[in-house]
Structure formats: structure tokens, C-alpha cells
Amino acid sequence: MLGYYPVRVLPSKTAILPVNPKFLPRTEDEKEMVSRTVYCTNIDKKVTEEDVKIFFQQLCGKVSRLRLLGDYVHSTCIAFVEFAQAESAILALNYSGMVLGTLPIRVSPSKTPVRPRSPRVMSN
């Protein structure tokens, strides 16, 4: 009971996996970057990196870095959006549920910074 209401607790239908420690911020600069970064899920696969950038810049402020990720397994994409200002990231959290493309996106605080892409090593 919670107050006058019965409460049911059920197992989650989705696994909540911990973040791989190698992705967590390692320096004070990276911790500061995380404060300016949001993690977005449920992004329509037809949406481009430029679409995501324009969406957030019009609503929240200057985007300094963006990474849009998708694969052939999942039906939607995810994005890490780093803003120039922490206030913009806080503002972006209010837009969770807004439609981008054809789907309502989910916006959460990021636990990891947007790191520059590491060059891929080509093997023969």
C-alpha cells in the first residue's frame, strides 16, 4: 500500500544494462562534456544527422558535436548530442516525446561524452 492505493511491483520488460566503464568520462574535461550532452533514443531511421542537429539547434541552442548511430538489427537509431552550453542540454530534456521524423524521441541525460571517432584499421 502506498497511501490508500495498492502498489504492484513487477519485473522490468527491458534489461537495464550498466554502462561499460571504458565509455565513462575519464577526465574533468570529459565530465564537463557529459553535462552538456543528451542521449536520444527511438529516432526514425529516415532521420539524418543534419535533421537531428537542426531539430535541437532550433529548440535548444548550438550543437557542438553529434553522433547518430544505427544498425541493421534495431528498428530505430540513437544519438548523442553535445551542446555548446549545459543549459541547452537541460532544455533538451523537455523535448522528450516530441516527434522527429515519424516517431516520438526519448531524451535523457547522457552518462558518456561524445568522443571523436577512432579511425578504423583496415585489415588485409
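This is a predicted model: local features need pLDDT of at least 70, side-chain atom pairs count only at pLDDT 80 or more; totals for chains, interfaces and linings use all residues.
I searched the whole structure for aromatic pairs and got 3. The rule I used: rings of Phe, Tyr and Trp (its six-membered ring) pair if their centres lie within 6.5 Å, and planes under 30 degrees apart count as stacked, over 60 as edge-to-face, the rest as tilted.

Residues are numbered from 1 along each chain as its sequence is written, and side-chain values use heavy atoms, with hydrogens and water left out.

I looked up Tyr39 and Phe80. Their ring centres sit 5.1 Å apart with the planes at 40 degrees, so I logged the pair as tilted. Tyr39 is in strand β1 (residues 37-44) and Phe80 in strand β3 (residues 76-83), so the pair ties together parts 41 residues apart in sequence. Helices (H or I, at least four residues) and strands (E, at least two) are DSSP runs, numbered from the N terminus.

Next, I checked burial (buried is under 20% relative accessible area, exposed over 50%, partly exposed in between; 1.4 Å probe, protein chains only). Tyr39 comes out partly exposed at 29%, while Phe80 is buried at 16%.

Then I turned to Phe56 and Phe83. This pair is edge-to-face, with 6.0 Å between centres and 80 degrees between planes. Phe56 belongs to helix α2 (residues 49-59) and Phe83 to strand β3, so parts 27 residues apart in sequence get tied together. Phe56 is buried at 1%, and Phe83 is buried at 0%.

Last entry: I found Phe55, Phe56 and Phe83 linked into a cluster by ring pairs.
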